[in-house]
Amino acid sequence: MSTHRPVITPKEDHGPMQTGTGSAPVPVPATGDLSVPTYDLTGVSKVYGSGATGVEALSDIDLRVEQRDFLAIVGASGSGKTTLLQLLGALDRPSAGTVRCNGRDIQSMGEGELSRLRRDVIGFVFQQFNLIPTLTARQNVELVAASTEMPAAARAARAAELLDSVGLAAREGHLPSQLSGGEQQRVAIARALMNRPRVILADEPTGNLDSATGAEILALLQRVAADNHQTLVLITHEQAVTEAAPRVVTLRDGRLASDTRA
Ligand code: ADP
Ligand code: MG
């Protein structure tokens, strides 16, 4: 994380129930405005560590992702896929170059604004599901809206509706340990949708699932992203996806080796 930028504590952050993210929305282009790309990366590099032991995980990446695009990222282990997705998710900053999300340079955003970007604009789905084990399915989905202005009753209703939409209406009171891997990933997808993000980012979302369940999860991700007019960026090893995806970006040793459109 760079040290030359001030950490901005948003004024609206106070009170014990706040997660430190505040409630003011991050400005994004109108839903119908497709002229501003979801992502525009220029000359992006990422170095972990420094000096002789530094690892250049990404080198000089240029990448534009339009609103509502569906993009698959592939490449060997260690090629930089997760690093790239973390930059897209504003979970990390580039060592060099510019990452623009919805027209805004993430480097120009303070920590509070970055938190709101991650909460309101981006939905994440991880290989390990990352559900909170002590919370029920519905509580896991609701939680990500806890620091928003959505009233508690509306949060509960929306979480239940989302779980229904991913086929889990009968499981909303179950703990993650009482759910199969595929069901846990469905909860994670419902959670990713809770704050109506513009982008879904998924890092090997089927990596812990058998192939039949994985195929269902990928179909579900594609369906929800299309239904909600979301941009979908997916890291995957599944050949079926890379054959179906309209656009496939291949990383090799941190460089963009190919960018093909169907
Ligand atoms: P992939 O997701 O394609 O397997 P990663 O983005 O995780 O690749 O990693 C790219 C390179 O960066 C690898 O060489 C990896 O070891 C290195 N790397 C990833 N994260 C870190 C980190 N936090 N600190 C140091 N090196 C890292
Ligand atoms: Mg990875």
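**Sheets, edges and an enclosed helix**

Author: In this predicted model, six strands form an open sheet with mixed pairing, in the order β6-β7-β8-β3-β9-β10.

Reader: What makes β6 and β10 stand at the edges?

Author: β6 (122-126) and β10 (255-261) each have a single partner strand, so one side of each is left without a neighbour in the sheet. From one strand to the next, the twist averages 15 degrees.

Reader: How do you know that β3 and β9 are joined, and which way do they run?

Author: Pairing requires at least two bridges between two strands, and four bridges join β3 (residues 70-74) to β9 (residues 247-252), which run parallel; L71, for instance, has R247 of β9 as its bridge partner. The two strands therefore count as a pair.

Reader: What is the order of the sheet of four strands, and how do its strands pair?

Author: This open sheet has the order β2-β1-β4-β5, and its pairing is antiparallel. Between β1 (residues 39-48) and β4 (residues 96-101) there are five bridges, and Y39 stands opposite C101 in β4.

Reader: Why is helix α1 called largely enclosed?

Author: A residue is called buried when its relative accessible area is under 20%, and six of the eight residues of α1 (residues 81-88) are buried, so the helix is largely enclosed by the rest of the structure. The buried residues are K81, T83, L84, L85, L87 and L88. Helix α1 lies across β1, β2 and β4, running at about 125 degrees to β1, and is followed by A90, whose phi is positive, near 55 degrees.

Methods
Residues numbered from 1 in each chain as written. Chains lettered and ligands numbered in written order. Predicted model: local features only at pLDDT ≥ 70, side-chain atom pairs only at ≥ 80, totals over all residues. Heavy atoms only, no water. Axes fitted to C-alpha atoms, helices over the stretch in contact; angles between N-to-C directions. Buried < 20%, exposed > 50% of the residue type's maximum accessible area, 1.4 Å probe, protein only. Contact = heavy atoms within 4.5 Å.
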